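User: Please examine the model shown below and answer some questions about its individual residues.

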Amino acid sequence: MKFFNLSNASFLLLSFVGLVSCENAKKFDPEFTAVTCSSVVKIAHVSTGYRLHSHGVSYGSGSEQQSVTGYRDADDTNSLWTIHGALNTYCKRGTPIKCGSTIRLKHLNTGRWLHSHYFRSPLSNQQEVSAFDGSDDSDNWEVQCVDDDEYWIREKPVRFFHKNTKKYLTSSQHFQFRNPIPGQLEVAATERANEQTKWKTLEGIYFSDNTKTN
């Protein structure tokens with residue numbers, strides 16, 4: 001997968017870091033292994049490989065907010081999300097995110113927040129997940145690591161637990177949209193943690209300095 005670490009240091013320094021000895025490489029460095037605040041990433045559903053995605057298409061029912069789906073194409077920029085801290089908190093750019101942290105995910109192209117609420121999802125009749133053009137505590141998601149890790153590690157499975165409604169971000173190949181977004185998967189929230197609630201980061205730009213952002 002493609003990973004890019006950006007910092008205030010020169011690319012020469014980053015190249016040097018990438019050439020550390022095998023002995024040093026065995027030491028865990030969360031700055032270059034963990035998912036970090038302000039990074040821009042694509043997040044894949046583990047079971048299907050589809051990317052978490054949004055676009056300028058609204059739901060025709062429920063909240064009628066901007067829809068969130070699973071999308072197969074790995075190169076589409078509408079599958080990029082920026083990682084922020086919880087509502088009304090600061091998350092220093094480049095800070096490794098610990099398991100159990102509360103985050104928000106902001107859709108890069110439309111500027112809307114990954115959101116959930118008590119509307120029914122259109123296909124599976126679970127809980128709707130949308131991209132919200134406002135900002136409130138229903139944008140907060142807890143990162144639950146599947147493995148016994150201290151930090152959210154790149155390419156390792158996690159679950160996103162919606163803090164307000166106590167449900168997990170999920171998707172399934174059994175629930176596919178037709179027109180105007182044929183073949184895209186429904187993304188919803190569900191009560192139980194299972195194989196369909198696992199996600200992982202893939203391609204991304206990972207920041208590694210300490211510039212403050214909100």
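User: In which loop is the place of Glu-64?

Analyst: This is a predicted model, in which local features need pLDDT of at least 70, side-chain atom pairs count only at pLDDT 80 or more, and totals for chains, interfaces and linings use all residues. Residues are numbered from 1 along each chain as its sequence is written, and side-chain values use heavy atoms, with hydrogens and water left out. Helices (H or I, at least four residues) and strands (E, at least two) are DSSP runs numbered from the N terminus. On that numbering, Glu-64 belongs to the loop between β3 (51–58) and β4 (66–71).

User: Is Glu-64 buried or exposed?

Analyst: Buried means under 20% relative accessible area, exposed over 50%, and partly exposed in between (1.4 Å probe, protein chains only). Glu-64, which is not a glycine, has a positive phi of about 60°. Because its relative accessibility is 52%, Glu-64 counts as exposed.

User: Which side chain joins that of Arg-51 in a polar contact of 2.9 Å?

Analyst: Arg-51 lies in strand β3 and is buried, with a relative accessible area of 9%. A polar contact is a pair of N or O atoms within 3.5 Å; within protein, one must be able to donate a hydrogen and the other to accept it, and residues adjacent in sequence count only if both atoms are side-chain atoms. The partner of Arg-51 at 2.9 Å is Glu-203.

User: What is the relative accessibility of Ser-38?

Analyst: Ser-38 is found in the loop between α3 (30–33) and β2. Its phi is near 75°, a positive value in a residue other than glycine. Ser-38 counts as buried because its relative accessibility is 9%.

User: Which cysteine does a disulfide join to Cys-37?

Analyst: A disulfide is a pair of cysteine sulfur atoms within 2.5 Å, and a search of the whole structure finds 2 disulfides. Cys-37 lies in the loop between α3 and β2, and its partner, 54 residues apart from it, is in strand β6 (residues 91–92). The link is left-handed, with -50° about the S-S bond. At an S to S distance of 1.7 Å, Cys-37 is joined to Cys-91.

User: How far apart are the sulfur atoms of Cys-99 and Cys-145?

Analyst: Cys-99 is in the loop between β6 and β7, whereas Cys-145 is in strand β10. Cys-99 counts as partly exposed, at 23% relative accessibility. The sulfur atoms of Cys-99 and Cys-145 are 1.9 Å apart.

User: Which residue does a cis peptide bond join to Asn-179?

Analyst: The residue sits in the loop between β12 (167–176) and β13. With omega at about 10°, the cis bond joins Asn-179 to Pro-180.
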